[in-house]
Amino acid sequence: MCGIVGYVGPDTGARPLDVVMEGLARLEYRGYDSAGVALVAGDEVYTQKRAGKLANLREALEGDTVPSAATAIGHTRWATHGGPTDENAHPHRGGADGKLAVVHNGIVENFHQLKQELLAQGVTFTSETDTEVAAQLLAAAFAESGDLTEAMRSVVNRLEGAFTLLAVHADAPDTVVAARRNSPLVVGLGEGENFLGSDVAAFIGYTKQAVELDQDQIVTITPTSHTVMNFDGTPAEGKPYEVTWDAAAAEKSGYDTFMEKEINDQPHAVGDTLLGRTDADGKLVLDELRIDEANLKDIDRITIVACGTAAYAGMVAKYAIEHWTRIPVEVSLAHEFRYCDPIVSDRTLVVSISQSGETADTAMAVRHARSLGALTVSVCNTHGATIPRESDAVLYTHAGPEIAVASTKAFLAQITACYVLGLYLAQLRGGTFADDARAVMAELHEVPDKIASLLTEMDRVKEIARFMADTRSVLFLGRNVGYPIAMEGALKLKELAYIHAEGFAAGELKHGPIALIEPGQPVFIVVPGPDTPNELHKKVVSNIQEIRARGARTLVIAQEGDEEVLPFADEVIRVPHTSPLLQPLLTVVPLQIFALHLSTAKGLDVDQPRNLAKSVTVE
Ligand code: M6R
């Protein structure tokens, strides 16, 4: 939920602050309620922190005399314990001398009990946060051992919950010590300098050499070393890897917002996710899967666990995977999964979908599924994140870093990866659809160009969005694979434009929601292509007539050449032709553009909508 950066280098100067501020700017998407830095300067620790966005911290630093330092940590916050105030912003100091500073991501669940203990010892607190408790415990432990790593080890063993902690101490000036439990942390290796970050974006401008850490590990970085140990004190080693994208991928590249850039990245997100999935004979090969083929052949049930947009990708995938494999697929919101007494056996494949690979609800669902004996596959966009590491297998999406809080390109990449998985299972199990896998893959390969051409035809959608800046409510209808797209369109509008929006299955209208229709009510309708089986096209056209007869303003998303919608559409937004199951990869695009431009027309912050954060690392 929060962004964390750490740096230690050889020279005292401005570089540590610059590195940390640049890292925080790249991580601001993780939380933007407040921000702060700590620098180890001489025998003191300098801190500066401010409520609000990073710009407030930057302004405060510019108006202050900031000391030179070789070591720095920084934090951008999504508030959990205590509101977004200057006092509650991180870093927090520990010890009567204030020589220790800590930044923290996650929640210390037993902080209340620990705080009572410290209060009884006469420790005073300046914030309402759980983090300050950890800072005070660390300062006390450091006073005893004089060793920051040892202090961290003794403290983390007393903490419950999920956390990443970074600590510096004025008496250990060339060291940053960090610990992680169920919360992200990566190490960046430079030449004579080292880095820490919640994700590699924190230091991608300086190095591509990263080290993955396991859960319950502590890492100590100095300018020339990184040392890893487990919480029980045994030595450990991280897993080195090279980041495959560069700083430009995490920048706006001339677009006004990350969201706009990421929408325009979508042809690549789909294309790259398809790369290397077939052999020379066109047969699907999923090397990453690492699950015995015999076990995969044997599965009799698939459960998809995910949250938000990722869950809608799962709902789209359900239609396709069931159609191709005839295996029953259930989609469970990850936060509900553990508590619904799920039916899982060793023949159940639990597929988690997560862009970040850090979503706590999804991670907990995967752990629960594994404890019940399921096979687990993670569809994930973030190399080495918690969820893929804890799954039996991973199918990476290759969307590149997604920075905007609203998920766009990751959504298309998730659908694509799930389709590849479904086709692979169909191929493995044989039967009618095994033969179709090749044809579907060929059609999937045409999708990136179709998205690219669709993106050039969005001027009218942008205009409609601008005209609708004062709209108070928008409804979205869809059917079959268009139903999750309707819900995704509504979610985008809620999170970006703060407008009441709901997505319905079009067939459900007559069972209640049609009562919402009054003259002028805008309704987007995602129309299935005319070649969709079971006359779904006709049925949705009838739904459009029904709401139009009651005064709705109909904004129709229909395939090129679909003339039947024309008499009942106030606006028609055209998408290129594809076979029915692939349509979501196109129909969602105008809805993303609509939400982006309506939010912009309202003057809102598209990339960092209120109350949200990119990665939800708390339950
Ligand atoms: O990182 P994840 O894919 O696990 O995130 C899941 C949801 O939190 C995420 O998709 C969220 O709904 C987005 N803000 C929607 O745009």
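Author: Helix axes are lines fitted to C-alpha atoms over the stretch in contact, and angles run from 0 to 180 degrees between N-to-C directions. Helices (H or I, at least four residues) and strands (E, at least two) are DSSP runs, numbered from the N terminus. This is a predicted model, in which local features need pLDDT of at least 70 and side-chain atom pairs count only at pLDDT 80 or more, while totals for chains, interfaces and linings use all residues. Residues are numbered from 1 along each chain as its sequence is written, and side-chain values use heavy atoms, with hydrogens and water left out.

Reader: At what angle do helix α7 and α13 pack, and how far apart are their axes?

Author: For α7 (residues 266-274) and α13 the angle is about 25 degrees, and the axes are 9 Å apart. Angles under 35 degrees count as roughly parallel, over 145 as roughly antiparallel, 65 to 115 as roughly perpendicular and the rest as oblique. α7 and α13 are therefore roughly parallel to each other.

Reader: Is the crossing of α7 and α13 left-handed or right-handed?

Author: A crossing is left-handed if the near helix is turned anticlockwise from the far one by less than a right angle, and right-handed if clockwise. α7 passes α13 in a right-handed crossing.

Reader: Which residues of α7 and α13 meet?

Author: Contact means heavy atoms within 4.5 Å. On the α7 side the residues are Gln266, Ala269, Val270, Thr273 and Leu274, and they meet Lys409, Leu412, Ala413, Thr416, Ala417 and Val420 in α13. By class, this contact of α7 with α13 has 7 nonpolar, 3 polar and 1 charged residues. Ala, Val, Leu, Ile, Met, Phe, Trp, Tyr, Cys and Pro count as nonpolar, Asp, Glu, Lys and Arg as charged, and the others, Gly among them, as polar.

Reader: How do α9 and α13 pack?

Author: Helix α9 (residues 308-325) and helix α13 (residues 409-429) pack at about 25 degrees, with axes 9 Å apart. The crossing of α9 and α13 is right-handed. The residues of the contact of α9 with α13 divide into 15 nonpolar, 4 polar and 1 charged.

Reader: Which residues come nearest to the ligand?

Author: A residue is near a molecule if one of its heavy atoms lies within 4 Å of it. Of the 13 residues around the ligand, Ser354, Gln355, Ser356, Thr359 and Glu495 come nearest. A polar side-chain atom of Glu495 lies 2.3 Å from a ligand oxygen atom, and a backbone N or O atom of Gln355 lies 2.6 Å from an oxygen atom of the ligand.

Key
Polar contact = N/O pair within 3.5 Å; in protein donor to acceptor, adjacent residues only side chain to side chain.
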